[in-house]
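Visitor: I am new to this structure, and I would like to know what the words used for it rest on. Could you take me through it?

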Amino acid sequence: MDILDFIRNEGIPKWPYPIEYGEETEDSSDVVIIGGGLAGCCAAIHAARRGASVTVIEKGSTKRSGSAGPGIDHWEFAVTNPCSSTTPDEMVEIMGKGDIFEAEHLLYVALNESFDTLLEFEEMGLKIRDTDDDFKDAPFRDEKSKLLFAYDYDGKLCLRIFGAGLKPALYKEMKRLGVKIYDRVMGTSLLTEKGEQGRRVIGATGYNVRTGRFYIFNAKATVIATAKPVRLWEFGSEKVGSASCFQDVNCTGEGHAMAWKAGAKFVLMERNIPYMGSMSYPPFSTGNSRTTWFPCNMVDAHGKPLPWGGRYGQPLEGGVHARTHCGEGQKFLYQRVQDPAYALYGYMPDLPERIRNGEFRLPFYADLPSMPDEERDVIFGMMVGNESKTRTPVFRKLTQAGFNPDKDMLQANIDSPEGSGINTPIAPPSNSPNIRDASFLCGGPMIGWEMKTNLEGLFIAGNQTGTGCAAIAATTGRYCGRSVAKYVKDKDFINPYRPQIDEEKERIYAPLKNDGGKGWKEVQIGLCRVMQDYCGQYKSEEILKTGLWWLNSIRENEIKNLSVNNPHELARVLECDTRVTVGEIIMHNSLARKTSCPQLDFKRLDNSEVKAAEEESFITVQQADGKIMSEEVPLGYWLMGDFEPTLAENYKKYSCFEDSNNGLGGNSK
Amino acid sequence: MIETKKNAVVLPNPATPCIPITFNEEICIGCNTCVDVCRADVLLPNPVHGKPPLVVYPDECWFCGCCVDDCPVEGASEFHHPLNQEIAWKDKKTGELFRVGIKNPPPPCTKKLY
């Protein structure tokens, strides 16, 4: 019922949950995991299976929260599946050549464990194969294993799965294992030994977004699994709700902010790319030919098929069959490989020009009726239906309104000639290049093979540092779960330092003393303006320093005086404070990178010098002794220093399989 | 004097971008499953036991649809995208345009959802 209708008839309702501002709950587990998305749940399950006691805290509802909450339709990096044409070692080498900053150690974990992770989900009840034979004899199905493949029907590296039930399955498994789950509790800070920055992390504090209750989580090890911060450059609540993008609306960056305050070392925070923001349509809700909709036929306004191109820009004849099979001499195709020898097919590169000269007329349409039956059904019925935010919002909504893929063509949103017919939220933006997002490849706390940060007791799981997708979230989650279970075996609890707790309570509840003041949304949008202007496409020392002044000024003035009516609004106020901190990390990391870097889409007006790729390095930032410290770390640091010289040796050493009862990655039930 | 259906009262503007979920009060059992799965607390329980939840923070919605996905009573709740998020479709043979929310819509399509 619309709240205004209720107020009109019944008056203003009282807050429906008990008000418990400042009251405390104490919890103690070997491991506390902050964030109950895909990564956090997988970490919890694997730590618990290795015998650790585990607590998960989640701002939303673990059963459906996180980017994968509503579902997932395709599963990447599954190169160890029985039909695969490649190996983790071959794939990591090919991918590493494309992006010099890609976190190869995390990628290597994903490549080795992605398919095992799916098998594990299958044991939990998720349907990962076509066991009902709905797609029997389809060209994308392996008849023996009944696995369904996406994109490349020869190479068979990416799986189509029925993932709408994934989060509920993980939730059930956590319950079965006795994991303590605190829903509606947002992490607010890390507890450190003696309350000092840079010391061992000994747990975290939390805040209940419904009741205002305060939580003290004491743990031998703490895992941050809060993904990357999103919507820092744009907060489009009035246009499309709080977000139109892929990422969970709850990903405001609490994990990043609390790690920064505790003294964690960050890397790649200066990396961000232009983003569609609230100009975007809901993912996969408009006709297109990419990702979930690949390899859909597209036509122009008059029914003329859009031209597809081969890997070197030549016309690709042969329709759907050609788009889904390797060319002559090609081993496989993969959408995350930049090398044209392996890249997926797309439109002819001259399509934008041909739109401009009138040969192809907008709007474009996804011509589902012209697709082979099994391709049509798998795109609109399985993929659109199981991918995040499509089951009810797109499939059910459109079909109930009469959309019939057998006879109707769904329009593609009108975009620039470069973006037309593509529609993903990370498509080339038609709006300002200053509206940006951390993207899949954003930064976060720097981690090595144990997934441990520079801070003792603090671990990271999921899409946080240098790579990302659902498979990365799940695989790094389970790997981290094993690692942290091993870590806690010979560790003791350290009691939280009371003054640190009191200081955090003071920070959290300060806005309750305000009477009046601005609303949190004005501040949220104001912060976005600071990010757009002072951390946009072009950066310089002066621009960034002015930006830092702005952020601090908003924290000291507006945020301290924000209006709060209930525990929910106080949570949103705290998110504003979180975003200021995340913005500061990004600006400090941007200041620390002195030269422009095209691989990071990082442009400095005051230094256009570009280093050769082999001379590039990671730039870290951290807080220590009241100062911002920064250092250069060589590319490939995961094969240097105390680490072994190869990915395979490190994986063998750190993946903690020695405790496992079988050969499968951590499947030690 | 023109008669109105709603009395003139002092209320803030309706929230944008839209009301993402509406309920059929006749069949909604007020179980609050949707309240429990919503990641953003867009919904709050109705003070009247057994009545549909209140849509209090529609502007914070992520439009994931889990509220309706997990609704145990078919037809008790309906999901809505805001108007600026709707796209049209075209009947390939006739060229006629359609979209969600028009008068006299075509019959629902019974295509299988896997």
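Predicted model: local features only at pLDDT ≥ 70, side-chain atom pairs only at ≥ 80, totals over all residues.

Visitor: What makes chain A agree with a compact globule?

Guide: For 669 residues, the globule rule gives a radius of gyration near 26 Å, and chain A has 25 Å, so the two agree. Along the principal axes, the C-alpha atoms of chain A fill a box of roughly 70 × 60 × 60 Å. The secondary structure of this chain comes to 18 helices and 23 strands.

Visitor: Why are H15(A) and H17(A) called roughly parallel?

Guide: Helix H15 (residues 520–534) and helix H17 (residues 567–592) of chain A pack at an angle of about 15°. Angles under 35 degrees count as roughly parallel, so that is the name for this pair. Their axes are 10 Å apart, and the crossing of H15(A) and H17(A) is left-handed. Among the residues making the contact are A:Trp520 and A:Leu527 of H15(A), together with A:Val573 and A:Cys576 of H17(A). By class, this contact of H15(A) with H17(A) divides into 8 nonpolar, 2 polar and 3 charged residues.

Visitor: And why are H15(A) and H16(A) called roughly antiparallel?

Guide: The axes of H15(A) and helix H16 (residues 541–556) of chain A cross at roughly 170° and come within 9 Å. Angles over 145 degrees count as roughly antiparallel, and therefore this pair gets that name. The contact includes A:Val523 and A:Tyr534 of H15(A), and A:Trp550 and A:Ile554 of H16(A). The contact of H15(A) with H16(A) has 9 nonpolar, 3 polar and no charged residues.

Visitor: How do you know that S16(A) and S5(B) pair?

Guide: Two strands pair if there are at least two bridges between them. There are 3 bridges joining S16(A) to strand S5 (residues 89–91) of chain B, so the pair qualifies. The two strands run antiparallel, and A:Leu410 stands opposite B:Trp89 in S5(B). S5(B) also pairs with S6(B) in the antiparallel sense, over 2 bridges, where B:Lys90 stands opposite B:Leu97.

Visitor: What makes S12(A) and S6(B) edge strands?

Guide: The order of this open sheet of 5 strands is S12(A)-S15(A)-S16(A)-S5(B)-S6(B), with antiparallel pairing. Strand S12 (298–299) of chain A and strand S6 (97–98) of chain B each have a single partner strand, so one side of each is left without a neighbour in the sheet.

Visitor: How many residues of chain A are in contact with chain B?

Guide: 61 residues of chain A are in contact with 54 residues of chain B. On the side of chain A that touches chain B, H12(A) gives the most, with 8 residues. That side of chain A has 26 nonpolar, 20 polar and 15 charged residues.

Methods
Residues numbered from 1 in each chain as written. Chains lettered and ligands numbered in written order. Contact = placed C-beta atoms within 7 Å. Helix = DSSP H or I, 4+ residues; strand = E, 2+ residues; numbered from the N terminus. Nonpolar A, V, L, I, M, F, W, Y, C, P; charged D, E, K, R; others polar. Axes fitted to C-alpha atoms, helices over the stretch in contact; angles between N-to-C directions. Parallel < 35°, antiparallel > 145°, perpendicular 65-115°, else oblique. Left-handed = near helix turned anticlockwise from the far one by under 90°. Rg over C-alpha atoms; globule rule 2.2 N^0.38 Å.
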